[in-house]
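Keep the viewer open and click along as you read.

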Amino acid sequence: MNDIQLAGTFGLTELIFILFIGFFIALVFYLQREGRREGFPMENEATGRVDSQAGPLLIASPKTFHLPHGQGTATPENEARQPVDVAGKRTFRSMGAPYYPTGNPLEDGLGPAAFAERSRTPDLTFDGKPRIVPIGDSHMHVVEKDPDPRGLTAIGADGKEAGPITDIWVDQAEHVIRYLEVDTGAKKVLVPMPMCVVRAKKGTIIIDALNADEFANAPVPEKAGIITRYEEERAMAYFGGGYLYANRARQEPFL
């Protein structure tokens with residue numbers, strides 16, 4: 001079958017081939033740009049300076065998101081970059097070297113206790129209500145056949161009592177328990193439920209992420225009955241970091 005000639009010896013098949021090559025090249029650049037929205041542009045690990053070599057062909061333009069329920073807009077790329085100074089020193093002078101803490105790593109956000117600067121607003125349900133709330137502020141309740149954590153005693157990694165469980169914080173979208181509220185005496189802190197082992201028959205809940213005396217320094221929500229995304233991040237980081245920093249033995253190699 002003869003090719004359709006558009007101009008001289010230039011035919012329809014050649015035009016389609018050129019258009020395909022052009023589309024493929026444009027697609028590659030588009031995917032490269034869009035794939036660098038998070039974590040880019042790269043920063044120098046030692047100085048925190050942003051790589052100025054990234055041109056418009058490699059970095060996408062800022063994207064603005066319209067938030068639901070009257071929360072306005074958000075443009076992540078335009079937000080201030082997080083500081084690179086940490087309360088720690090490198091174990092040896094080389095890029096990528098691990099840090100050892102010089103202060104309290106649980107509060108300084110080092111290693112597994114690191115946290116991100118998330119939104120200072122609470123996560124919302126589909127209808128715009130706070131997603132994670134005390135169980136008394138929700139439509140949920142503990143099934144009679146299941147043990148109710150309230151009233152049980154929280155036991156830390158050192159086997160000592162951290163305080164009684166005074167409340168349950170639930171996820172109204174997923175219908176699960178997210179946090180247990182522990183009264184340390186000094187204040188009430190929220191412990192992530194995945195780090196808790198309920199032993200209802202013994203009247204205790206084992207929380208081996210931290211020692212009992214470290215519970216009192218955990219970050220807490222600023223407003224009663226409401227926890228923001230940032231506060232969730234801080235609570236998870238503080239207790240999660242305890243699996244490494246709660247005691248010296250956890251920081252040593254197994255072998």
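F24 sits in helix 1, which spans residues 12–34. Bear in mind that this is a predicted model. With a relative accessible area of 46%, F24 is partly exposed, because exposed would take over 50% and buried would take under 20%.

A nonpolar patch on the surface is formed by F17, I18, F20, I21, F23, F24, I25, L27, V28, F29, Y30 and L31. Put together, these side chains account for about 1200 Å² of accessible area.

## Two hairpins in a row

Next up, the strands. Strand 9 (residues 161–171) runs antiparallel to strand 10 (residues 176–183), and 6 bridges join them. If you want a landmark in this pairing, look for W169, which stands opposite Y179 in strand 10. The two strands make a hairpin with 4 residues between them.

Strand 10 has another antiparallel partner in strand 11 (residues 188–192), with 5 bridges joining the two. Here L180 stands opposite V191 in strand 11. This pair is a hairpin as well, again with 4 residues between the strands. In its turn, G185 has a positive phi of about 100 degrees. As a general point, side chains in a regular strand alternate between the two faces of the sheet.

## Positive phi without glycine

Which residue in the turn between strand 9 and strand 10 has a positive phi? That's H175, at about 60 degrees, even though H175 is not a glycine. H175 lies in the loop between strand 9 and strand 10 and is partly exposed, with a relative accessible area of 48%.

You'll find H69 in the loop between strand 3 (65–66) and strand 4 (73–74), where it counts as partly exposed at 42% relative accessibility.

## Two buried threonines

T125 is in the loop between helix 2 (105–108) and strand 7 (132–134). Is T125 buried or exposed? Its relative accessibility is 14%, so T125 counts as buried.

T204 belongs to strand 13 (residues 204–206) and is buried, with a relative accessible area of 17%. What does T204 touch, not counting residues up to four places away in sequence? The list is L152, T153, I155, V197, V198 and R199.

## The salt-bridge network

Now for the charges. Side chains of opposite charge can pair when their charged atoms come close. In this model the count comes to 8 salt bridges.

Start at R131, which has a relative accessible area of 18% and is therefore buried. R131 meets D123 in a salt bridge at 3.5 Å, N to O. D123 is partly exposed at 22%. D123 also forms a salt bridge with R229, where the closest N and O atoms are 3.2 Å apart. That pair links distant parts of the chain, with R229 in helix 3 (residues 229–245) and D123 in the loop between helix 2 and strand 7, 106 residues apart.

R131 and E174 also meet through their side chains in a salt bridge (3.2 Å, N to O). R131 comes from the loop between helix 2 and strand 7 and E174 from the loop between strand 9 and strand 10, so the pair ties together parts that are 43 residues apart in sequence. Salt bridges that share partners join D123, R131, D171, E174, R178 and R229 into one network. E174 itself counts as partly exposed, at 46% relative accessibility.

Conventions: Residues are numbered from 1 along each chain as its sequence is written. This is a predicted model: local features need pLDDT of at least 70, side-chain atom pairs count only at pLDDT 80 or more; totals for chains, interfaces and linings use all residues. Side-chain values use heavy atoms; hydrogens and water are left out. Patches are made of residues with over 30% relative accessible area and no salt bridge: like charges are joined within 9 Å, nonpolar side chains (Val, Leu, Ile, Met, Phe, Trp, Tyr) within 5 Å. Accessible areas come from the Shrake-Rupley method with a 1.4 Å probe; for residues, only the protein chains shown count as cover. A salt bridge is a side-chain nitrogen of Lys or Arg within 4 Å of a carboxyl oxygen of Asp or Glu. Buried means under 20% relative accessible area, exposed over 50%, partly exposed in between (1.4 Å probe, protein chains only). Two strands pair if DSSP finds at least two bridges between them. Contact means heavy atoms within 4.5 Å.
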